[in-house]
Amino acid sequence: RILFSIVLVIGMLLFLEAVSRVYLCRFDRGAWLHPERIIYRFYPRLESVAYERRQETRDGVVEVLLLGGSVLNVEWSAIDALIAERLTRELRRPVRVHNLAAAAHTTRDSLLKYKRLGDDPFDLVVVYHGINETRTNHAPPDVFRDDYGHYSWYRFVNAIDRDRRLPVVALPYFVKHASIAMRDRFGWSNVIPTSDPRPEWLEHGLDVKSARPFRENLSAILDLAESRGEPVLLMTFASYVAEGYAKEAFEALELDYTRHRSPLRWWGTPETVAAGIRAHNDVIRDLAATRHTLFVDQAALIPGERRIYNDVCHFTVAGSELFVDNMMDALREVVETTDAR
């Protein structure tokens with residue numbers, strides 16, 4: 001009887017493990033043998049960059065990594081192409097830009113992605129964040145979490161990051177993942193949704209609780225870059241809240257923007273977004289000074305006007321070109337330093 005019970009328990013555990021892997025396969029086809037690959041369901045570009053770096057040879061190529069939100073993403077700007085073109089033209093060397101920036105991502109996402117890129121060094125890591133974390137502030141102090149676990153997205157990725165058993169056993173993460181998904185499905189979670197912030201929590205946005213985790217995440221990126229011997233370029237976040245901003249005026253294309261792409265309500269109110277960006281920029285300036293990183297004060301260098309901005313933070317073509325112009329001295333400096341080594 002004892003032997004039968006042991007065999008039964010082992011059989012049930014094996015069955016549940018198989019169910020767990022089938023469940024994860026819904027999110028990533030390679031998860032049956034490698035359940036930890038579920039991280040690529042949330043960060044698909046991370047897998048592509050890792051694969052590209054394994055396949056491509058360096059041969060004197062300048063390798064640049066971009067970490068940030070939608071402002072640097074290829075669907076929202078041509079900044080990565082402009083960096084590659086300007087550097088290639090001016091330095092007469094091949095330049096390869098690996099872009100991990102993605103819409104809505106924060107410093108927490110950038111840290112999680114950067115940790116998984118391995119030890120093959122980049123010639124430069126560019127970090128540009130400031131607005132997306134303002135959304136996290138729209139929660140009461142007792143709900144806010146420094147790991148942004150009060151924001152539905154991060155409960156999934158935090159669980160993956162912290163589950164050291166996942167490469168071997170899928171069952172514990174399956175239970176966690178399924179429970180999170182079920183609570184979200186039935187509205188049992190007290191979290192910030194992935195859509196607009198909760199209207200009843202907007203008043204909490206002026207309390208910029210994100211400044212502390214913003215600093216911690218950036219500091220962790222800088223620590224990791226230092227251990228890998230990779231220079232980092234930090235930049236303040238440029239933004240423009242047009243005069244007389246209102247939902248109706250934005251939707252009617254009446255504000256001092258060009259395309260009116262992203263409504264400010266995605267991040268909060270004009271007041272809470274401005275307060276959050278100011279606090280985050282203060283953190284960036286302090287880290288750049290104390291950690292002696294490369295630094296560009298984009299917030300001070302980019303004027304607020306229609307020809308530059310499509311909305312509160314996304315650039316027009318002219319804005320993208322100015323953004324890259326402001327970076328060029330720092331980019332040249334790091335490439336010259338790399339050549340000297």
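User: Which residues form a nonpolar patch on the surface?

Analyst: Val9, Leu13, Phe15, Leu16 and Val19 do, with about 430 Å² of accessible area together. A patch takes residues with over 30% relative accessible area and no salt bridge, joining nonpolar side chains (Val, Leu, Ile, Met, Phe, Trp, Tyr) within 5 Å and like charges within 9 Å. Areas come from the Shrake-Rupley method with a 1.4 Å probe, and for residues only the protein chains shown count as cover. This is a predicted model, in which local features need pLDDT of at least 70 and side-chain atom pairs count only at pLDDT 80 or more, while totals for chains, interfaces and linings use all residues. Residues are numbered from 1 along each chain as its sequence is written, and side-chain values use heavy atoms, without hydrogens and water.

User: Which residues touch the most other members of the largest nonpolar core?

Analyst: In soluble globular proteins, nonpolar side chains tend to be buried together. A nonpolar core is a set of buried Ala, Val, Leu, Ile, Met, Phe, Trp, Tyr and Cys residues joined through side-chain atoms within 4.5 Å. Here the largest has 48 residues, and Ile83, Tyr128, Leu233, Tyr257, Phe315 and Phe323 touch the most other members. Helix α12 (residues 317-340) gives the most to this core, eight residues. Another core, of 44 residues, lies apart from it and includes Val157, Ala170, Leu171 and Phe174.

User: How many salt bridges does the structure hold?

Analyst: Side chains of opposite charge can pair when their charged atoms come close. The cut-off for a salt bridge is a side-chain nitrogen of Lys or Arg within 4 Å of a carboxyl oxygen of Asp or Glu. The structure holds 27. In one of them, Glu47 meets Arg37 at 2.7 Å, N to O. Glu47 lies in helix α3 (residues 44-55) and Arg37 in the loop between α1 and α2 (39-42), so the pair ties together parts ten residues apart in sequence.

User: Which residues are linked with Arg332 in a network of salt bridges?

Analyst: Arg86, Glu90, Asp325 and Asp329 are linked with Arg332. Arg332 and Asp329 have their closest N and O atoms 2.7 Å apart. Because they are three residues apart in helix α12, about one helical turn separates them. Asp329 is exposed, at 60% relative accessible area, whereas Arg332 is partly exposed, at 25%.

Key:
Buried < 20%, exposed > 50% of the residue type's maximum accessible area, 1.4 Å probe, protein only. Helix = DSSP H or I, 4+ residues; strand = E, 2+ residues; numbered from the N terminus.
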